[in-house]
Amino acid sequence: DGEVHINELKNGNTEMFWNPTSEVRRQRLKRHIVLFEEQTDFESERLWQHVTSAINKGDQHKATQEKFVLEEEQRNAARERRESGTEWKPLLFRHDATTNEWRYKYEDLRPWDPLNDIAQFEKNGILQTMERHLSTRMSNHKTCINNQITRHKRSPKDCRRRKTSDQPSNHSQNTESSCSTPESVQEFSDDDGKYLGFESLCAQCGKEMNHLKEIHSAVLSLQRAQQDIHR
């Protein structure tokens, strides 16, 4: 958050490298952290709180002492587990025998999908991604459309009851009583749907369509931002 300068030792010149102006501060990302009182004993902020406090006060000697106390406690705990034969089982990491490295159990290395992924967050140490599951949502929407079409179709008996004569007039052939049904859902526009009686689609499908519009708008915004960055 402070100014950073480059000092040229050869000629003694000083150059401004970074200046966090008020405008820069307003644009910084919001920091999300777990409240201190909600943290467990082994979370970094709580675990190193005394070391951090000494550093902030500029007391290097106190910081070194607190660091030694902390690390000595960890050594003693490891020694007690070893003597009692207790196996240490990390909650969030696993040991990779091939590389001899510790790896995060819940790491997510797949590329970010702007059409399906909404947000990524950490809960109880586990990294999670909130997704839209578009394929499932579109499948549900298609099912709702098909149900509407099924209800729209009528049996010959129903049609005969609605006709005023055995030979329907030209007018009756162009109305709902002629029992004509759409050959393909994909051929209809929103207006066609309203004309054929599909205006009563389920509320869930209406919400899903609005979600898709929001996603499309968000993708366009991201594309414009990428273009600005490239420029």
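Phe-17 lies in strand 2, in a model that is predicted.

Q: Why is Phe-17 called exposed?
A: A residue counts as exposed when its relative accessible area is over 50%. Phe-17 has a relative accessibility of 59%, and because this value lies over the cut-off of 50%, the residue is classed as exposed.

Q: What makes Val-4, Ile-6, Phe-17 and Trp-18 a nonpolar patch?
A: Members of a patch need over 30% relative accessible area and no salt bridge, and nonpolar side chains are joined within 5 Å. Val, Ile, Phe and Trp are among the side chains that count as nonpolar, and Phe-17, at 59%, illustrates the accessibility that is asked for. Together the four residues Val-4, Ile-6, Phe-17 and Trp-18 have about 390 Å² of accessible area on the surface. Two elements, strand 1 (4–7) and strand 2 (14–18), each give two or more residues to this patch.

Q: Is Glu-66 buried or exposed, and how do you know?
A: Glu-66, which is found in helix 4 (residues 60–84), has a relative accessible area of 17%. Buried means under 20%, and therefore Glu-66 is buried. In the protein as a whole, buried residues make up 13% of the 231 residues.

Q: Which residues are in contact with Glu-66, leaving aside its neighbours within four places in sequence?
A: With those neighbours left aside, Glu-66 is in contact with His-50 and Val-51. A separate value concerns Thr-52, which is 14 residues from Glu-66 along the chain, and whose C-alpha atom is separated from that of Glu-66 by 9.3 Å.

Q: What makes a residue part of the lining of the largest pocket, and how many residues line it?
A: A lining residue has an atom within 4 Å of a point of the pocket, and 23 residues line the largest pocket. Thr-40, Phe-42, Glu-43, Leu-91 and Leu-92 are the lining residues nearest its centre. The volume of this pocket is about 1,100 Å³.

Q: Which element supplies the largest share of that lining?
A: Helix 4 does, with six residues. Helix 2 (44–47), strand 4 (101–104) and strand 5 (117–123) also each supply at least two residues.

Key
Residues are numbered from 1 along each chain as its sequence is written. This is a predicted model: local features need pLDDT of at least 70, side-chain atom pairs count only at pLDDT 80 or more; totals for chains, interfaces and linings use all residues. Side-chain values use heavy atoms; hydrogens and water are left out. Patches are made of residues with over 30% relative accessible area and no salt bridge: like charges are joined within 9 Å, nonpolar side chains (Val, Leu, Ile, Met, Phe, Trp, Tyr) within 5 Å. Accessible areas come from the Shrake-Rupley method with a 1.4 Å probe; for residues, only the protein chains shown count as cover. A salt bridge is a side-chain nitrogen of Lys or Arg within 4 Å of a carboxyl oxygen of Asp or Glu. Helices (H or I, at least four residues) and strands (E, at least two) are DSSP runs, numbered from the N terminus. Buried means under 20% relative accessible area, exposed over 50%, partly exposed in between (1.4 Å probe, protein chains only). Contact means heavy atoms within 4.5 Å. On a 1 Å grid over the protein atoms alone, a cavity is a set of points where a 1.4 Å probe fits but cannot get out, and a pocket is an open set with protein on both sides within 12 Å along at least five of seven lines; lining residues have an atom within 4 Å of a point. Grid points are joined across faces, edges and corners, and a volume is the space filled by probe spheres set on the points.
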